[in-house]
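Subject: Structure for your files

Hello,

The structure I mentioned is below. My notes on it follow.

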Amino acid sequence: MTRLTTAGRWRLAAVAHVQTWRPYTLCYPALLGLAGAAAAGDAAAPAAALVPALGWLSGHYLGDYFDRGLDAIGKPHRPIPSGRLSAEAALFSGIACALASALLAVLVNWRILPVFVLAMLGIVGYSKVFKKRGASGNVVRGALSAVAVVIGAMLVVPSPTWTVVPVALGFLVHDTASNLVGTVRDVDGDRAGGYRSVPVRHGVRHAVRLASGLYLVGVLFVALAAFHGSAHLALTAVAAAAGVAAFAPLLRAGSVVSRQAALRAHEVLVGERLVLAAAVVAGGAGPAFALAVLIPVLVLSLTAQAVMRARHEIPPAPALLRRKDTVA
């Protein structure tokens with residue numbers, strides 16, 4: 001066995017942390033925060049982007065910590081089950097990111113604290129309780145996006161205005177749909193781990209149809225709730241077109257959707273949801289500001305996804321074979 005040098009161990013740990021971050025997802029909570037700030041009247045607030053992003057990062061660490069048993073079955077190549085990142089390091093990093101996010105939020109507006117506590121309870125509850133119980137887990141996951149919108153708004157106004165609520169509800173429904181697509185991708189691992197997700201309990205076809213319907217409702221809600229001008233409408237139309245491109249192959253596939261096909265659909269949704277959030281920003285802060293934010297984060301997210309996503313979500317072939325032998 002080759003013994004790693006100190007530099008090699010540090011490099012291995014650094015790569016494991018970056019993989020846990022899922023950089024292709026981190027711009028989304030930042031844009032959700034800006035969308036909330038825009039709906040409240042002022043999108044030009046760096047804290048509105050940074051606080052939700054740090055909280056999201058905390059959720060990745062804590063989610064992987066609580067999911068380490070399930071990942072050992074379905075995704076043994078991930079940082080914790082592979083041994084490249086210790087469970088203790090993930091827990092400590094998650095708590096540190098949560099504290100940094102909370103401190104920054106409270107320094108701007110102390111009234112955020114109860115909302116922030118609710119968000120952290122949602123993160124822990126999703127992984128520990130609701131994820132294994134089907135649709136309730138998908139709704140809790142969607143609710144975390146709604147909370148990010150509310151926190152973004154509260155970083156520019158003392159209390160969220162009523163204009164923020166329908167936007168938050170729209171993203172709650174939208175991200176419930178997106179999370180359902182993720183359960184279609186992970187159906188084999190969830191079944192082996194005893195998780196009663198929607199596709200495990202009711203079949204893949206039902207899960208895809210439910211996700212498609214929720215997606216449509218979510219996009220329509222965001223479009224109508226935050227409508228302000230042609231830029232908002234144009235970006236919403238682009239997001240909707242991407243949503244059609246994501247869901248159409250899944251609906252055509254019927255009751256048998258491959259892991260790769262579900263992953264491709266979710267990869268499209270990673271870009272789509274950035275555009276949809278930017279549409280809300282455009283409605284509140286104008287198209288120039290929205291595009292100045294959207295274009296670089298879209299390029300960064302899609303590039304990081306192309307490099308990292310498949311290897312993070314799908315085990316190498318030998319690992320898949322070993323898992324099947326174990327389950328059998």
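Helix H3 is largely enclosed by the rest of the structure, because 17 of its 21 residues are buried. The cut-off for buried is under 20% relative accessible area. H3 covers residues 46–66, and at 1.5 Å a residue it should span 30 Å; its end C-alpha atoms are 30 Å apart, so the expectation and the model agree. Please keep in mind that this is a predicted model.

Ala72 sits in helix H4, which runs over residues 68–74. With a relative accessibility of 42%, Ala72 counts as partly exposed, since that class lies between the buried limit of 20% and the exposed limit of 50%. From Ala72 to Arg9 the separation is 63 residues in sequence and 22 Å in space, C-alpha to C-alpha.

As for the protein overall, it has 15 helices and zero strands. Its radius of gyration is 19 Å, which agrees with the value near 20 Å that a compact globule of 328 residues would have. The C-alpha trace spans about 60 × 50 × 35 Å along the principal axes. Of the 328 residues, 53% count as buried. Among contacts with a separation of 6 or more, 78% are between residues 24 or more positions apart.

Regards

Definitions and conventions: Residues are numbered from 1 along each chain as its sequence is written. This is a predicted model: local features need pLDDT of at least 70, side-chain atom pairs count only at pLDDT 80 or more; totals for chains, interfaces and linings use all residues. Side-chain values use heavy atoms; hydrogens and water are left out. Helices (H or I, at least four residues) and strands (E, at least two) are DSSP runs, numbered from the N terminus. The radius of gyration is taken over C-alpha atoms; the globule rule is 2.2 Å times the number of residues to the power 0.38. Buried means under 20% relative accessible area, exposed over 50%, partly exposed in between (1.4 Å probe, protein chains only). Contact means heavy atoms within 4.5 Å. The expected span of a helix is 1.5 Å times one less than its number of residues.
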